[in-house]
Amino acid sequence: MIKHQIAVLIVIALITACGSQSDPINEPDILDTPTETQENNVPIVGTSPPVETTAADCLGDQVSPIGQSIADEYESADYEQVMTWFCNGAEFEDILVALETESQTDTSADEMLKMLSEGFTWDDIWHLVGLTD
């Protein structure tokens with residue numbers, strides 16, 4: 001019984017850690033942080049590092065029933081892709097919206113999730129992909 005409770009707590013902690021998204025509005029942008037200065041002490045703005053992709057195993061050996069359900073529902077994404085998006089910070093709700101929008105437009109779910117992570121809202125994205133006026 002205690003082993004089961006510890007395992008449940010570990011899974012909850014992993015889901016919380018993997019599923020939380022940072023707030024791009026309140027976090028400093030790496031482009032706003034000077035990395036060097038010129039001779040007259042004017043900052044030279046650095047460039048952002050390449051985006052790293054997390055493996056789709058942020059839950060360990062556990063299979064996410066939500067992720068599996070999403071993969072079963074949409075042929076354009078398998079379980080590994082869904083979990084890669086999730087482990088990189090996308091919420092399951094946003095993954096669902098992206099896949100459904102992809103099925104109605106020519107824009108990939110991956111592209112829309114990147115736009116969302118860059119601060120676009122779903123209303124902005126739907127307008128850009130021609131789903132709304």
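**Results: helices, a disulfide and a stacked pair**

Helix α3 is followed by Gly89, whose phi is positive, near 115 degrees. This is a predicted model, in which local features need pLDDT of at least 70 and side-chain atom pairs count only at pLDDT 80 or more, while totals for chains, interfaces and linings use all residues. Residues are numbered from 1 along each chain as its sequence is written, and side-chain values use heavy atoms, with hydrogens and water left out.

Now for the overall layout. The chain holds six helices and two strands, taken as DSSP runs numbered from the N terminus (H or I over at least four residues for helices, E over at least two for strands). Read from the N terminus on, the order of elements is α-β-β-α-α-α-α-α. The chain has 133 residues, and 26% of them count as buried; buried means under 20% relative accessible area, exposed over 50%, and partly exposed in between, with a 1.4 Å probe and protein chains only. The accessible surface comes to about 9,500 Å², and carbon and sulfur atoms own 54% of that. Those areas come from the Shrake-Rupley method with a 1.4 Å probe, and for residues only the protein chains shown count as cover. As for contacts (heavy atoms within 4.5 Å), take those between residues at least 6 apart in sequence: 45% of them join residues at least 24 apart.

Back to α3, which spans residues 79–87. Its buried residues are Val82, Met83, Thr84, Trp85, Phe86 and Cys87. Two of these turn up again in pairings. Cys87 is joined to Cys58 by a disulfide with an S to S distance of 2.1 Å, where a disulfide is a pair of cysteine sulfur atoms within 2.5 Å. By that rule the count comes to one disulfide. The link ties together distant parts of the chain, since Cys58 sits in the loop between β2 and α2 and Cys87 in helix α3, 29 residues apart. The torsion about the S-S bond is about -80 degrees, so the disulfide is left-handed. Both ends are tucked away: Cys58 counts as buried at 13% relative accessibility, and Cys87 does too, at 9%.

Phe86 is the other one. Aromatic pairs are rings of Phe, Tyr and Trp (its six-membered ring) with centres within 6.5 Å; planes under 30 degrees apart count as stacked, over 60 as edge-to-face and the rest as tilted. The count by this rule comes to two aromatic pairs. In one of them, Phe86 and Phe92 are stacked, at 4.2 Å centre to centre with 5 degrees between the planes. Phe86 is buried at 5% relative accessibility, and Phe92 is buried as well, with a relative accessible area of 14%.

Phe92 also shows up around Ser64. This serine is placed in the loop between β2 (43–45) and α2 (65–73), and at 6% relative accessibility Ser64 counts as buried. Leaving aside residues up to four places away in sequence, Ser64 touches Leu59, Tyr79, Met83 and Phe92. A polar atom of the Ser64 side chain also lies 3.0 Å from the backbone nitrogen of Gly67.

Next comes helix α4, residues 92–104, which includes Glu93. Glu93 is exposed, with a relative accessible area of 58%. Its C-alpha atom is separated by 9.9 Å from that of Ile66, 27 residues apart along the chain. In the loop between α4 and α5 is Thr107, a buried residue with a relative accessible area of 13%. Thr107 touches Glu102, Met112 and Val129, again not counting residues up to four places away in sequence.

Finally, charges. A search of the whole structure finds one salt bridge, meaning a side-chain nitrogen of Lys or Arg within 4 Å of a carboxyl oxygen of Asp or Glu. The partners are Lys114 and Asp110, at 3.3 Å from N to O. They are four residues apart in helix α5 (residues 109–117), so about one helical turn separates them. In general, an α-helix has 3.6 residues a turn, so residues three or four places apart point the same way. Lys114 is partly exposed at 48% relative accessibility, and Asp110 is also partly exposed, with a relative accessible area of 31%.

Methods:
Polar contact = N/O pair within 3.5 Å; in protein donor to acceptor, adjacent residues only side chain to side chain.
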